[in-house]
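This report goes through a protein model by its strands, helices and side-chain contacts. Please keep the sequence and the coordinates open while reading.

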Amino acid sequence: MSNQLIIREHCFIWGQRTYLMGILNITPDSFSDGGQFNTTSAASAQAQAMVAAGADIIDIGGQSTRPGVKLITLTEELNRVLSVLQIIRPEIAVPISVDTTRADVAKAAVEAGADIVNDISGGTYDPEMLPTVASLDVPIMLMHIRGTPQTMQQQTDYQNLMGEIYSFLSQQISTAIAVGIKQNKIIIDPGIGFAKNYEQNLEIFRRLQTLKMLGCPILVGASRKSFIGKILNQPAPKARVWGTAAACCAAIFNGTDIVRVHDVPEMRDVLLVADAIYRQQT
């Protein structure tokens, strides 16, 4: 694995420390904070607050991917993403990723100032996604999923969970490289909560190291998710902050390079301490 990636003059050195991706949901229906930041003024204020609190990347999503969600139109997703990007791009210096499965949204977002594409389908929903990202020459985050957000919770019957995640990601890495995406610009994500049940989510944390053999940085997004709520008997996603902290520590101790979180100030402290222990730095 190439040990560094430069994005918008920010150098990400993999293995040196864990990087913090702050979630900016500009949707009315996300599972945790739907509707909270879906105006340009609220989104701008939140993006600036996350950067001030230590976020290394801001991840903007205009289409909720919670289980059973309704798919919005391309026009609606473009309107949501571009209206916010145009406001926040001049205001923040850190890289911005766009959370989308549509090549047209990825292209328009990058042209409007986004730096990274974060595709929960691993480049499988839109056949133009990987060629488009190759032509844009930006990094891509490839996540493992089965089915769609509408059907994924009925598709958790794995014979070999980590083997199947590994095989899917390996195939998508090869496909991405074949269409011209540089390997050092590929980041992988095992897809916590996406076509995974409670026990499977926990298994991913325990066996995360197996994905290191794919030679790409690893992103884990466990923030406020339902498996944490089950452990804590906590139905309110916003009250799962310290459960999220424990999950971030587990991810770091098992080789994660980036954690994707809602609660940036709290997780910044968690990462600093976990990195000091795990990476033997102070």
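## Conventions

This is a predicted model, in which local features need pLDDT of at least 70, side-chain atom pairs count only at pLDDT 80 or more, and totals for chains, interfaces and linings use all residues. Residues are numbered from 1 along each chain as its sequence is written, and side-chain values use heavy atoms, with hydrogens and water left out.

Helices (H or I, at least four residues) and strands (E, at least two) are DSSP runs numbered from the N terminus. Two strands count as paired if DSSP finds at least two bridges between them.

Eight strands make up an open sheet with parallel pairing, in the order 8-7-6-5-4-3-10-9. Strand 8 and strand 9 are at the edges with a single partner strand each, so one side of each has no neighbour in the sheet.

Strand 10 (residues 258–261) pairs in the parallel sense with strand 3 (residues 19–25) over four bridges. Within this pairing, Leu20 has Val259 as its bridge partner, and Gly22 stands opposite Val261. Strand 10 also runs parallel to strand 9 (residues 219–220), to which two bridges join it; here Leu219 is partnered by Ile258.

In a regular strand the side chains alternate between the two faces of the sheet. In strand 10, Ile258 and Arg260 point one way while Val259 and Val261 point the other way, and all are buried. Buried means under 20% relative accessible area, exposed means over 50%, and partly exposed lies in between (1.4 Å probe, protein chains only).

## The hairpin

Strand 1 (residues 4–7) and strand 2 (residues 10–13) run antiparallel and are joined by four bridges. One of the bridge partners is Ile13, which pairs with Gln4. The two strands form a hairpin with two residues between them, and Arg8 in the turn has a positive phi of about 50°.

## Helix 4 and its surroundings

Helix 4 packs on the sheet, where it touches strand 6 and strand 7, and its direction makes about 160° with that of strand 7. Such angles run from 0 to 180 degrees between N-to-C directions, with axes fitted as lines to C-alpha atoms, for helices over the stretch in contact. The buried residues of helix 4 (residues 129–136) are Met129, Leu130, Thr132, Val133 and Ala134. Their cover includes helix 3 (103–111), strand 6 (116–119), strand 7 (140–143) and helix 5 (161–178), where contact means heavy atoms within 4.5 Å. Asp137 follows helix 4 and has a positive phi, near 55°.

Gly180 is located in the loop between helix 5 and strand 8 (186–189). The C-alpha atoms of Gly180 and Val133 are 8.7 Å apart in space, while the two are 47 residues apart in sequence. Gly180 counts as partly exposed because its relative accessibility is 40%.

## Aromatic rings and charges

Rings of Phe, Tyr and Trp (its six-membered ring) pair if their centres lie within 6.5 Å; planes under 30 degrees apart count as stacked, over 60 as edge-to-face and the rest as tilted. The count by this rule is five aromatic pairs. Trp14 and Tyr19 are edge-to-face, because their ring centres are 5.7 Å apart and their planes are at 80°. Trp14 is buried at 7% relative accessibility, and Tyr19 is buried at 3%. Phe12, Trp14 and Tyr19 form one aromatic cluster.

A charge sits over a ring if NZ of Lys or CZ of Arg is within 6 Å of the ring centre and within 35 degrees of the ring normal. The charged end of Arg146 sits over the ring of Tyr158, 3.9 Å from its centre. For Lys230, the charged end sits over the ring of Tyr198, 4.3 Å from its centre.
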